[in-house]
Amino acid sequence: MTSRLVEQLGTQNVAGATAASLAEQIRALILDGRLTVGERLPSERALALELRRSRSTTTRVYGLLEGDGYVSRVHGGGTRVTLPHSARASTSSDDDDAIDLSIASMDSTPGLYDATVRSLPRLAALRGTSGYSLRGLPELREAVARRFTERGVETDADEIIITSGALNAFHLVLATIGRRGERALVEQPTFPHALEALHRHGYRLLPTPVDVTGWDERHINDTLLRSRPHVAYLIPDFHNPTGATLSDAERSRIATTARNSGTHVIVDETTAELDIDRGWSPLPMAAYSPQVITVGSMSKIAWGGLRIGWIRAERSLITRLLATRPSFELGTALLEQCIAVELLQDMPALTAHVTARLQAGREAVTEGLASIGGLSMPPAPGGLSAWLDLGAPISTALSLAARDHRLVLPPGPRFSTGGVLERRLRIPITLPPERAADAMGRLQLAWDDVMAGGSSARLEMPNSAVI
């Protein structure tokens with residue numbers, strides 16, 4: 001059985017590699033979070049057999065990593081991932097000058113301050129209550145339900161739970177319906193923290209490919225019918241990170257197949273309202289099956305600091321979710337809910353702001369990429385990012401080189417289930433134009449470094465969450 005380390009390395013990356021190169025690749029996996037601190041690695045002998053290399057080579061690999069503080073070896077206790085205790089702390093000037101492309105999110109909507117002021121009387125009226133909000137404020141659940149109805153799927157407030165963000169909602173769903181050891185169908189690439197959540201709840205992942213041109217519907221349906229996964233996690237609108245959108249016909253067929261295979265479809269609509277110029281509006285996937293579970297969030301249309309999300313599901317599942325929720329959380333903050341009520345009352349203003357900001361960000365990224373030989377802008381009719389084809393498996397190398405120019409850039413494999421997608425790179429289109437132009441300038445410097453055959457001399461890089 002292939003170890004997780006070798007899965008993450010990928011056989012195409014280790015053929016003929018020197019011990020120093022293998023150590024550098026493993027270090028990159030650790031620093032990118034794909035190998036976790038404390039994780040046990042294969043023994044030298046087992047790794048040598050998997051890689052079909054000599055024992056002396058794998059001994060040298062682990063020796064280099066141990067010398068730099070990235071693994072610890074204890075006789076009889078195996079080799080485990082660590083981080084250097086003497087890592088150089090970043091100075092404040094370094095932090096201020098770095099551009100973090102691991103976060104694909106905009107700053108707050110201009111209406112946030114006014115909505116906060118308007119929300120205060122609503123909050124004051126709640127002071128006589130306990131302050132706990134397990135289901136969510138009725139006014140906010142009604143506003144979320146109304147938005148679903150406006151988009152084409154009739155929804156009642158009783159089918160809504162308010163949560164502390166979409167990822168919190170996803171964890172609540174998995175805590176309620178999850179089955180350890182079962183299979184989960186996931187898109188590849190996809191939102192990295194969703195993969196981590198599924199792993200945490202004990203699922204075995206079945207990837208299905210997605211690209212800027214869309215999904216392989218036949219592969220999805222065949223996997224659903226053949227493997228009958230317990231859950232499927234999909235991002236059908238402005239998919240993160242490719243920006244693709246499932247057609248209405250594809251949604252209908254996939255929902256029908258999932259219903260026939262007994263699969264719980266969990267749809268992430270965090271990016272659903274991030275339209276620039278798609279030119280059409282699909283129905284929510286919940287319109288095609290009452291069993292579809294939908295999670296959504298205010299984070300991308302209003303502000304990431306507004307930790308408001310929701311779940312739309314059948315009433316019977318809502319009852320189960322409410323029974324599970326107190327085991328790890330007693331509700332969602334009331335102030336944020338009051339603000340969200342005010343914001344959702346003016347969705348045209350929210351969506352207009354989103355469209356303008358994303359369009360400006362897209363133009364800046366397009367212009368920046370045009371000056372980098374070998375890279376071009378893929379279709380990005382909306383969503384958070386552009387999904388670049390680098391033309392060669394150099395994503396991790398480019399990510400490491402970018403750190404030398406104070407650019408935090410998660411490589412393509414960060415969005416995959418097994419260390420693949422080394423030809424791909426996610427570039428957010430959410431930065432202000434001047435900041436995006438600066439980021440593209442730094443990307444060009446990193447690109448030139450990699451094309452010239454250079455390698456990063458950095459001993460550490462930040463292990464950032466990918467948003």
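Student: What should I know about the model before starting?

Tutor: The model is predicted, so local features need pLDDT of at least 70 and side-chain atom pairs count only at pLDDT 80 or more, while totals for chains, interfaces and linings use all residues. Residues are numbered from 1 along each chain as its sequence is written, and side-chain values use heavy atoms, with hydrogens and water left out.

Student: How many helices and strands are there in the protein?

Tutor: Helices (H or I, at least four residues) and strands (E, at least two) are DSSP runs, numbered from the N terminus. The protein has 17 helices and 15 strands. Its radius of gyration is 23 Å, close to the 23 Å that the globule rule gives for 467 residues, so the protein is as compact as a globular protein of that length. That radius is taken over C-alpha atoms, and the globule rule is 2.2 Å times the number of residues to the power 0.38. The C-alpha trace spans about 70 × 45 × 45 Å along its principal axes.

Student: What is the strand order in the open sheet of 8 strands?

Tutor: As a general idea, strands of a sheet pair through backbone hydrogen bonds, either parallel or antiparallel. Two strands count as paired if DSSP finds at least two bridges between them. Here the order is 5-12-11-10-9-6-7-8, and the pairing is mixed. Strand 5 (160-163) and strand 8 (214-215) stand at the edges with a single partner strand each, so one side of each has no neighbour in the sheet. Strand 10 (residues 264-268) and strand 11 (residues 293-297) pair in the parallel sense over 3 bridges, and Asp268 stands opposite Val295 in strand 11.

Student: At what angle do helix 7 and helix 14 pack?

Tutor: Axes are lines fitted to C-alpha atoms, for helices over the stretch in contact, and angles run from 0 to 180 degrees between N-to-C directions. Helix 7 (residues 112-124) and helix 14 (residues 334-344) pack at about 120°, with axes 8 Å apart. The residues of this contact divide into 10 nonpolar, 2 polar and 3 charged. Ala, Val, Leu, Ile, Met, Phe, Trp, Tyr, Cys and Pro count as nonpolar, Asp, Glu, Lys and Arg as charged, and the others, Gly among them, as polar.

Student: Where do helix 8 and helix 14 meet?

Tutor: The axes of helix 8 (residues 138-150) and helix 14 come within 9 Å and cross at roughly 35°. Contact means heavy atoms within 4.5 Å. Glu139, Leu140, Ala143 and Val144 of helix 8 make the contact with Gln337, Ala340, Val341 and Leu344 of helix 14.

Student: Is Arg362 buried or exposed?

Tutor: Buried means under 20% relative accessible area, exposed over 50%, and partly exposed in between (1.4 Å probe, protein chains only). Arg362, in helix 15 (residues 347-370), is buried, with a relative accessible area of 15%. Ala386, in strand 13 (residues 385-389), is buried at 0%. Arg362 and Ala386 are 24 residues apart in sequence and 8.2 Å apart in space, C-alpha to C-alpha.

Student: How many residues of helix 16 are buried?

Tutor: In helix 16 (residues 395-403), 8 of the 9 residues are buried, so the helix is largely enclosed by the rest of the structure. The cover over these buried residues includes helix 3 (19-31), strand 14 (407-408), strand 15 (424-428) and helix 17 (433-451).
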